[in-house]
Amino acid sequence: MKKIGVYIHIPFCNGKCPYCDFYSVKTNDSAIEEYTEKLVQKIASLNGRYCADTIYFGGGTPSLLGTERIAKLLSSCRSSFGKADEVTMEVNPESAKDIDFSYLSKLGLNRVSIGLQSANDNELKLLGRSHTATDAAETVHKLQREGIDNISLDLMLGISGQTAQSLKDSIDFCAALNVSHISAYILKLEEGTLYYRRADTLDLPNEDQTCELYELAVSYLGERSFKQYEISNFAKEGFESRHNLKYWRCEEYLGLGPAAHSFIDGKRFCYGRSIKDFYSDITESDGEGGNSEEYAALSLRLCEGLSNERYRRRYGEDLSRSYFENAKKLERVGLVTVNEDTISLTPKGFLLSNSVTAEILF
């Protein structure tokens, strides 16, 4: 049986971060209990249909479920999808304090992603985060003591008050904790968020400054042995996120929970942004997926780039020579690297990834 990734959305938060556009609702213990039971039932109904080699609990804040509910979900996944090689859960420093990771690791949890965002407490306050850098460090140490050493930290770039030095300090903070993975995302003002509504009042770096911060992050993370492998993701050797690579390599995955997306048998579909829709098992079509143009575009998000050899193995034909001809023009201005087999974007190219990808493929 072909192995897929499984994404499970946990839509609960203690409060909404002002920049966040992910679907979430206010924490409520009875709602959390009901949601966990519905998820267990849904997972059980899929027994034998899929085999998963990666499972990812995202949110929201999955750690708000508590140890016993998470354990119940891990056991359900093992029964229905088999033993996965990589099982990731997102946590925040506050709710992680009460989680028994030693117990959960015995049930298969082996990777944790922590929403740090910054190691500067003033920057954290401006982001509306309720934890401090010390809280995050204590969470990392707790995980390491309890047997989980595959740990990822999130950083945000282009945020209020951020400077080149404060970004380097945040990277140094992460490196000193001996984590294996860092995700570094440029802040985007998403429509519907508090940040979007108050955009004129935010003291954000301008576009050029944000680009400089991104390029600094790429180079400085590299110096700290975090190799870039995707636009916003950096890892020590062998610690790339196997689950997220499925998205970028156009491989199959199943999403469970409100707003969760799936790609199965060439079809893309999703649940609506509503717990009620998930309970009613109502999904919406996102159309066909996996065609050659989509695969090429997603491949260009990765540092490994778009390879003619991998493309030929998948589609039985060579890449269009026009792709290489278009890429050669962009190589002259430092946006792309081209060799006989592969087209890949440079850090400068990643900053303009949508337009560069369009110039190459269309």
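Predicted model: local features only at pLDDT ≥ 70, side-chain atom pairs only at ≥ 80, totals over all residues.

Biologist: How many residues does H6 have, and what should they span?

Modeller: At 1.5 Å a residue, the 13 residues of H6 (residues 133-145) should span 18 Å. The C-alpha atoms at its ends are 19 Å apart, which agrees. Among the buried residues of H6 are Ala136, Val140 and Leu143.

Biologist: Why do residues three or four places apart in an α-helix point the same way?

Modeller: An α-helix has 3.6 residues a turn, so residues with that spacing point the same way. Consider helix H12 (residues 292-299), where Tyr295, Ala296, Leu298 and Ser299 are buried. Viewed down the axis of H12, these buried residues fall within an arc of 165°, so they line one face of the helix. Their packing partners include helix H10 (242-248), strand E13 (267-271) and helix H16 (353-361). At the start of H12, a side-chain oxygen of Asn291 comes to within 3.2 Å of the backbone nitrogen of Glu293.

Biologist: In which sense does strand E4 pair with strands E1 and E5?

Modeller: In a regular strand the side chains alternate between the two faces of the sheet. Strand E4 (residues 51-59) has 9 of its 9 residues buried. E4 pairs in the parallel sense with E1 (residues 3-10) over 8 bridges, and likewise in the parallel sense with E5 (residues 86-91) over 4 bridges. The chain crosses from E4 through helix H2 (residues 67-81) to E5, and this β-α-β crossover is right-handed.

Conventions: Residues numbered from 1 in each chain as written. Heavy atoms only, no water. Buried < 20%, exposed > 50% of the residue type's maximum accessible area, 1.4 Å probe, protein only. Helix = DSSP H or I, 4+ residues; strand = E, 2+ residues; numbered from the N terminus. Arc of directions from axis to C-beta. Contact = heavy atoms within 4.5 Å. Polar contact = N/O pair within 3.5 Å; in protein donor to acceptor, adjacent residues only side chain to side chain. Expected span 1.5 Å × (residues − 1). Pairing = 2+ DSSP bridges. Right-handed = clockwise from strand over helix to strand, strands pointing away.
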